[in-house]
Amino acid sequence: MNVGSLAPLAVALPFLGAAIAFVLIRHPRAQRRVSLGTLTITLALEVWVLAVVWNSGPVAVHLGGWAPPFGIVMVADQFSSLLLVVSSAVSLAVLAYASGQGAADGEESGPVSVFHPTYLILVAGVSNAFLAGDLFNLYVGFEILLTASYVLMTLGGTGSRIRAGITYVVVSVVSSLLFLIAIAMIYGATGTVTLADLAIKLGALDPGTQHLLHVLLLVAFGIKAAVFPLSFWLPDSYPTAPAPVTAVFAGLLTKVGVYAIIRTETLLFPTDHFNDVLLWVALLTMLVGILGAVAQTDIKRMLSFTLVSHIGYMIFGVALSSVLGLAATIFYVIHHITIQTSLFMVTGLIERRGGTSAIMRLGGLAKLSPILAVLYFIPAMNLAGIPPFSGFLGKLGLLQAGVANGSPLAYVLVVGGVVASLLTLLVMARVWNRVFWRSASDAEDPDPVLLASAPIGEGGRSMSALRTSKHVETTEGRFAGENEVPILPKMMVYSTLGLVALGLAMSVFAGPLFDLSQHAAQDMLARTPYIEAVLGSGAGTP
Amino acid sequence: MSINMTLLLVMGVLYAIGIYLLLERSLTRVLLGLMLLANATNILLLTTGGYAGLAPIFNKNIPATEFNDPLPQAFILTSIVISFAVTAFMLSLIYRSWLLSHADVIQDDREDLRVAKQDLYDVEEDSEIAIEISDFHENDQPLESREMIPEVTLKKSTTTPSAHPPAPKDLS
């Protein structure tokens with residue numbers, strides 16, 4: 001039996017874990033173990049599938065035993081199995097981080113116990129979207145992850161989360177409806193929703209119809225991926241969610257949209273109808289996003305804007321529709337999932353340590369907590385694209401592909417990419433200067449913990465002990481009723497450390513990773529390996 | 001294939017009203033708009049299944065014009081379930097929003113407004129950089145009396161050559 005046919009378990013296992021975690025809702029410790037265990041097993045399985053697919057090419061699983069164009073099919077090709085592995089690794093790290101936070105703050109009795117099952121459902125939805133071999137299953141995957149994300153976004157039901165959550169839900173529902181309309185029209189036009197079948201049949205449609213369907217899909221996925229004119233919702237809603245939730249959303253959810261765009265562009269509509277439009281969109285996404293980041297005074301909001309900006313790079317690579325461009329995009333996607341998530345996790349730690357995420361009010365953290373400084377500095381420089389890191393390699397690949405394309409517009413994009421990268425460095429360095437480097441007394445209205453001159457061992461002394469020793473009232477009541485709350489719980493620091501290390505590993509093993517991206521890109525642009533895996537050999541050649 | 005005009009008209013009207021309601025600021029209307037849009041989309045899916053009013057039963061003896069495609073109906077079923085869940089969740093959000101703020105309208109992002117109104121001048125970034133006199137300056141001074149002289153401040157006012165950039169509020 002082929003191991004690749006175990007791929008659907010990547011969806012089924014988290015669902016099973018979610019069910020068990022839901023049963024254990026009154027036993028938070030057991031719940032944590034179940035969810036961490038489930039994700040670990042899933043990750044191991046996905047690594048295995050990736051190893052198989054890496055050697056043997058795409059694997060299709062026909063669920064229920066129905067013949068290809070009719071039944072539901074799940075496809076694991078190199079691109080999707082690579083994304084599966086990275087997304088599971090990232091979500092495992094975030095889950096460990098969230099568990100550390102929950103264990104430390106003693107949220108045993110709160111409504112937060114719904115977090116673990118919902119989180120696992122979110123992971124199942126993401127995996128389903130990556131594996132989906134037909135448009136409708138992709139839609140279902142999107143809906144699973146979106147519905148779980150609605151719950152996670154409004155966790156606790158505070159005023160600001162409800163306000164941001166409503167915007168998020170409405171925007172997401174509208175994008176899902178657009179996607180559903182597109183599916184209805186595509187089914188009406190071709191009589192199939194299987195991606196591999198569509199790849200053959202869409203080309204036979206009249207060009208006007210093709211344009212309409214193409215634009216509908218791009219708009220629907222563009223909202224999810226937060227591409228420029230459709231990105232307004234993201235910086236508004238992401239920062240209000242709890243730190244681990246923002247981290248996983250930033251890493252995974254927009255990338256699912258990017259994944260869908262890449263599939264649409266390579267598999268369904270390989271002829272370049274809209275490549276110029278996409279290039280313009282990519283340019284505007286990069287520049288408008290990063291200019292938004294420059295104006296922000298809160299780390300989380302600033303990071304949300306850089307997230308939008310860096311989606312532009314991925315669209316840039318897709319729009320070039322060359323092997324190098326697509327390979328660089330694939331590399332950039334997995335790099336960005338890891339880095340953006342670890343930055344949001346560090347911001348959660350900064351917020352815990354410094355009492356706020358407003359840049360103005362922070363200072364002196366490099367002295368107070370050197371580990372935080374290291375944890376911030378590495379992914380920040382990585383995101384900005386400083387040479388030894390994977391961010392630099394991904395950007396370099398994109399710029400090379402842009403130059404190889406040679407059209408004036410591609411050169412404009414190359415310049416835009418460099419500018420956006422420099423501005424990213426600017427905002428990252430500004431956070432570094434203010435939050436870590438300057439003295440805490442220079443900050444505007446700093447939290448009393450920052451001014452405590454006595455050196456504190458991380459996790460050794462507790463936040464409340466510190467506060468009482470300095471005779472400071474806990475004004476926000478964050479730690480009311482808790483006697484011993486470690487400032488930086490070990491599990492949170494270690495999980496962040498793990499993810500930062502994963503980001504570094506991507507720089508070290510960039511060679512093999514880029515090779516894999518290149519193979520995946522070749523297969524995706526050739527289209528036949530994917531189509532033949534689903535429909536049987538000989539189907540791909542017209 | 002012929003298409004049922006009534007269904008199409010109903011669909012168009014539902015889309016029109018749905019989009020109109022979606023653009024309102026009241027949350028309940030937005031929710032109603034979303035529900036209408038979802039139903040309009042369901043009708044769109046239904047029309048892709050073939051002639052209206054036929055049973056979705058396949059039998060080899062029945063000619064293709066005599067039965068309906070069952071797949072769009074399965075799609076509709078899925079989409080109904082999903083929109084049901086989302087509607088229930090939206091209702092609870094709206095209720096919570098009403099409990100918290102007694103408002104049934106979409107509220108502005110306060111942080112966004114604050115950022116939009118903030119001063120363009122940033123003390124730490126935009127103030128003039130003080131220039132240190134070099135040790136190798138021709139009018140070399142002993143170390144103790146070396147001063148920090150902001151270049152531009154000198155042009156404006158010669159009274160305070162050692163003016164620092166405006167210091168942030170000292171709270172310690």
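1. A quick term before we start: a residue counts as buried under 20% relative accessible area, as exposed over 50%, and as partly exposed in between. Keep in mind that this is a predicted model.

2. With that in hand, look at Ser321(A). Its relative accessible area is 39%, so Ser321(A) falls in the partly exposed class. Ser321(A) sits in the loop between helix 12 (299-320) and helix 13 (323-354) of chain A. Its phi is positive, about 45°, although Ser321(A) is not a glycine.

3. Arg527(A) is another one to click on. Here, too, a residue other than glycine has a positive phi, near 70°. You'll find Arg527(A) in the loop between helix 21 (510-526) and helix 22 (528-535) of chain A. Arg527(A) counts as buried because its relative accessibility is 18%, and the cut-off is under 20%.

4. Now for the two chains together. Chain A brings 42 residues to the contact and chain B brings 41. Between them they bury about 3500 Å², with 70% of that on carbon and sulfur atoms. On the chain A side, Arg163(A), Ile166(A) and Tyr187(A) lose the most area to chain B, together 17% of what that side buries.

5. What about specific pairings? There are zero salt bridges between chain A and chain B, and one residue pair is in polar contact.

6. Which elements of chain A give two or more residues to the side that touches chain B? They are helix 5 (135-153), helix 6 (159-190) and helix 17 (408-437). Helix 6 supplies the largest share, 15 residues. By class, this side of chain A has 21 nonpolar, ten polar and eleven charged residues.

Conventions
Residues numbered from 1 in each chain as written. Chains lettered and ligands numbered in written order. Predicted model: local features only at pLDDT ≥ 70, side-chain atom pairs only at ≥ 80, totals over all residues. Heavy atoms only, no water. Helix = DSSP H or I, 4+ residues; strand = E, 2+ residues; numbered from the N terminus. Buried < 20%, exposed > 50% of the residue type's maximum accessible area, 1.4 Å probe, protein only. Contact = heavy atoms within 4.5 Å. Buried area = accessible area lost by both parts, 1.4 Å probe. Salt bridge = Lys/Arg side-chain N within 4 Å of Asp/Glu carboxyl O. Polar contact = N/O pair within 3.5 Å; in protein donor to acceptor, adjacent residues only side chain to side chain. Nonpolar A, V, L, I, M, F, W, Y, C, P; charged D, E, K, R; others polar.
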